[in-house]
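This report describes selected features of the structure shown below, with attention to sheets, helix contacts and backbone geometry.

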There are 2 protein chains.
Amino acid sequence: MGRLTGGDPSLLRRINSAVVLHALRATDHATLTEITRVTGLSRPTVEGVVEGLVEAGLVVERAAEEGAARRQGRPARHYRFRAEAGHLLGLDVGSHQVTALLADLDGRVLGSLSKDVSESASADDRLERLRSTVAELLRRSGVSRGSLRAVGVGSPGVIEADGAVRLCAALPQWTGLNLGERLSRSFKCAVLVENDANAAAVAEHWKGAAAESDDVVFVLAGLSPGAGSLIGGRLHRGYGGAAGEIGALHLLGREATPEALLSTTDEPLHPLDEQAVAEVFKHAREGDERAREAVDRFIQRLVHDVTALVLALDPELVVVGGWATGIDDVLDPLRHELARYCLRPPRVALSRLGEAAVAMGALRLALDHVEEQLFAVEGTVTARR
Amino acid sequence: MGRLTGGDPSLLRRINSAVVLHALRATDHATLTEITRVTGLSRPTVEGVVEGLVEAGLVVERAAEEGAARRQGRPARHYRFRAEAGHLLGLDVGSHQVTALLADLDGRVLGSLSKDVSESASADDRLERLRSTVAELLRRSGVSRGSLRAVGVGSPGVIEADGAVRLCAALPQWTGLNLGERLSRSFKCAVLVENDANAAAVAEHWKGAAAESDDVVFVLAGLSPGAGSLIGGRLHRGYGGAAGEIGALHLLGREATPEALLSTTDEPLHPLDEQAVAEVFKHAREGDERAREAVDRFIQRLVHDVTALVLALDPELVVVGGWATGIDDVLDPLRHELARYCLRPPRVALSRLGEAAVAMGALRLALDHVEEQLFAVEGTVTARR
């Protein structure tokens with residue numbers, strides 16, 4: 001049974017620090033008087049907290065000359081949050097490419113770097129490729145590894161809570177890999193691993209097509225399709241991290257894989273050849289009959305997958321992503337079919353972040369982690385079962 | 001930006017009352033000394049709070065002679081929670097039957113009553129049938145209408161947040177009915193309307209097959225199939241209350257309705273004739289070839305629906321309910337197929353509450369409402385975006 005803990009002084013200090021940091025982070029700079037007013041804390045408390053935050057390197061006094069025009073007498077001191085006090089990485093481990101994003105503690109992106117990797121690369125080679133990409137990005141940006149506060153990673157597959165890959169069909173030797181543990185060797189900070197479609201859903205909610213909605217299904221409509229869902233603004237991972245792993249759905253309705261459906265010959269496409277997919281979409285747009293039939297078959301399959309997700313979850317919005325080109329052709333048929341099958345059809349939108357979504361989402365997850373540590377204080381008093 | 005509110009005396013009183021009620025509710029009876037020890041509150045605070053609760057009728061002094069053997073001197077006073085201080089109703093509005101459950105403030109069922117209703121009854125007739133069932137149950141139980149603290153209602157269809165029925169194929173004139181508002185005319189307390197499959201999911205979590213799991217999909221495998229989901233122990237209604245309304249799923253995979261699939265003649269079953277369904281299951285068990293084929297077709301359809309839900313949500317447990325008999329035949333095929341299609345197959349169990357699940361879930365929702373008012377105090381200090 002929970003109850004009020006009363007006067008724990010260290011908890012109170014943490015709460016007050018978080019409240020002041022939160023206030024400073026919401027503005028460019030503020031005086032002690034302004035902080036006192038906004039936070040409702042007493043002047044001596046604010047002075048003590050700000051002093052502690054300056055010592056910790058998280059807050060700095062803004063030089064008076066940067067401020068407004070000097071007035072007569074002693075000018076008020078201005079303080080600002082030091083977003084440069086730490087850094088974050090957002091990583092995307094894909095089948096053809098690895099990507100790293102570097103950001104400050106405000107989540108502002110300072111640099112990014114992608115490198116190609118063979119789809120048949122071993123797990124060791126793929127991880128090495130990722131490490132060298134990170135090293136080069138840090139070097140170019142002049143940021144030391146010790147400054148990193150959290151690293152987010154997006155990866156295909158079912159990801160366990162500890163960052164291990166339970167199952168992954170898309171990357172060689174990926175099933176069973178303890179991705180979180182392996183990457184932790186390269187960093188002193190927390191490493192957070194997330195399913196790629198889940199990360200993309202978070203990214204679209206942060207800065208993309210789903211910025212206005214808290215109930216979203218993001219569909220990664222690739223040859224190895226997956227989905228990520230936000231419910232009430234929070235990622236829904238499922239009991240075992242497998243929510244949205246809809247790759248097997250088509251086996252139920254129609255015995256056909258995307259690579260067979262999209263083929264314009266008698267041979268199915270290569271399972272990871274998304275270039276070939278873009279080609280088929282291009283030919284279909286140019287009027288090629290066989291390509292158009294292939295795209296139609298593929299859209300029917302996508303509609304089936306998305307409708308199943310929508311009926312199960314009833315989201316406000318469906319965001320479709322996965323390829324840079326071609327995929328926008330599916331929006332109208334998808335809308336039409338959802339209106340036919342769903343009691344309450346959701347809005348449908350195209351991904352705004354495109355290929356950057358997974359790395360951006362991984363970055364946001366790293367930022368969430370840091371915000372929880374630095375800025376969030378939750379004390380809950382509950383008296384229920 | 002949230003922050004500590006400091007010393008709001010009325011909030012503090014509410015917290016202390018809730019804490020004392022919570023402690024008393026967890027035991028048969030307790031002395032002021034025991035309450036003081038368990039709650040960590042001061043003796044004078046406990047005395048004041050208990051006095052207030054006695055005045056409000058929620059707590060009563062247990063007569064000394066009921067207690068342990070008298071000792072020398074003045075015996076300590078014992079207090080207990082008065083579960084009989086108020087009552088709750090759980091109602092189920094079905095196509096063939098309406099059911100009412102009556103319970104005390106501990107959720108202990110004091111009585112129940114079901115009445116048949118024609119599947120073609122008008123909305124007014126069905127509501128009237130429900131009202132007369134409630135009136136008779138209250139009369140038989142000797143409970144006055146004024147003692148009711150909350151009424152929960154389970155109904156087919158997509159239910160809006162205000163208790164209106166957005167869409168319902170199963171009951172005549174039900175679409176567009178403001179069920180919550182209509183029933184509120186009969187009661188002075190809160191009326192909470194919930195989708196029937198959602199209510200059943202809540203019930204199985206409370207007292208049924210899902211008592212040990214917080215991540216559950218409950219499938220109401222009737223001729224008009226539906227599903228309810230709990231995520232982290234909380235009902236997932238979806239953005240518009242339509243989550244789990246999987247009736248249209250089969251249209252995607254196979255162009256067949258359950259009533260056609262389960263028919264052993266060339267004519268489909270009547271959409272609401274669940275007696276005929278039980279017959280088909282019975283004949284199949286007795287070796288009738290045509291009935292067995294019909295059941296197999298139906299199971300394939302059910303597997304498709306359930307797999308779609310499982311892939312979207314990744315629950316720990318699937319509970320199948322809907323009919324009193326026959327439905328247990330689907331468990332093994334369902335387990336087998338889920339293991340084939342799901343990266344992380346869930347456990348599968350049969351409903352333990354059977355036909356009582358919807359009314360029980362409605363009762364639990366009424367109890368949740370009352371507990372929130374009486375026993376729950378949540379004060380959250382948050383400093384985040």
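Is B:Gln173 buried or exposed? B:Gln173 is exposed, since its relative accessible area is 53%, and a cut-off of over 50% applies to that class. The model is a predicted one, and every value discussed here is to be read with that in mind.

**Two residues with positive phi**

Most residues other than glycine have a negative phi. A second case is A:Asp314, a residue other than glycine whose phi is positive and near 55°. A:Asp314 is placed in the loop between α10 (289-313) and β14 (317-321) of chain A, and A:Asp314 is buried, with a relative accessible area of 2%.

**Chain A as a whole**

Chain A has 385 residues, of which 55% are buried, and its secondary structure comes to 12 helices and 16 strands. Taking the contacts in chain A that have a separation of 6 or more, 65% of them are accounted for by residues 24 or more positions apart.

**Sheets of chain A**

Strands of a sheet pair through backbone hydrogen bonds, either parallel or antiparallel. Within it, β4 (residues 87-93) and β5 (residues 97-104) of chain A run antiparallel and are joined by 7 bridges; A:Asp92 has A:Thr99 in β5(A) as its bridge partner.

Another open sheet of chain A has 3 strands in the order β1-β3-β2, with antiparallel pairing. Here β1 (30-31) and β2 (59-62) of chain A stand at the edges with a single partner strand each, so that one side of each has no neighbour in the sheet. The pairing of β1(A) with β3 (residues 78-81) of chain A is antiparallel and extends over 2 bridges, and A:Ala30 has A:Tyr79 in β3(A) as its bridge partner.

**An enclosed strand of chain B**

Which strand of chain B is largely enclosed by the rest of the structure? Strand β7 (residues 148-155) of chain B is, because 7 of its 8 residues are buried. This strand pairs in the parallel sense with β4 (residues 87-93) of chain B over 6 bridges, with B:His87 standing opposite B:Leu148 in β7(B). β7(B) also pairs in the parallel sense with β10 (residues 190-195) of chain B, over 6 bridges, and in that pairing B:Val151 stands opposite B:Val191 in β10(B).

Two packed helices are described by the angle between their axes and the distance between the axes. The table gives these values for one pair in each chain.

| Helix pair | Axis approach | Crossing angle |
|---|---|---|
| α2 (32-39) and α3 (43-55) of chain A | within 9 Å | roughly 115° |
| α10 (289-313) and α11 (331-341) of chain B | within 10 Å | roughly 45° |

α2(A) and α3(A) are therefore roughly perpendicular to each other, and their crossing is right-handed. In this contact A:Leu32, A:Thr33, A:Ile35, A:Thr36 and A:Thr39 in α2(A) meet A:Arg43, A:Val46, A:Glu47 and A:Val50 in α3(A). The residues of the contact of α2(A) with α3(A) comprise 4 nonpolar, 3 polar and 2 charged.

α10(B) and α11(B) are, by their angle, oblique to each other, and the crossing of α10(B) and α11(B) is right-handed. Residues of α10(B) in this contact include B:Ile299, B:Val303 and B:Val310, while those of α11(B) include B:Pro333, B:Leu334 and B:Tyr341. The residues of the contact of α10(B) with α11(B) comprise 9 nonpolar, 2 polar and 1 charged.

How values were computed: Residues numbered from 1 in each chain as written. Chains lettered and ligands numbered in written order. Predicted model: local features only at pLDDT ≥ 70, side-chain atom pairs only at ≥ 80, totals over all residues. Heavy atoms only, no water. Buried < 20%, exposed > 50% of the residue type's maximum accessible area, 1.4 Å probe, protein only. Helix = DSSP H or I, 4+ residues; strand = E, 2+ residues; numbered from the N terminus. Pairing = 2+ DSSP bridges. Axes fitted to C-alpha atoms, helices over the stretch in contact; angles between N-to-C directions. Parallel < 35°, antiparallel > 145°, perpendicular 65-115°, else oblique. Left-handed = near helix turned anticlockwise from the far one by under 90°. Contact = heavy atoms within 4.5 Å. Nonpolar A, V, L, I, M, F, W, Y, C, P; charged D, E, K, R; others polar.
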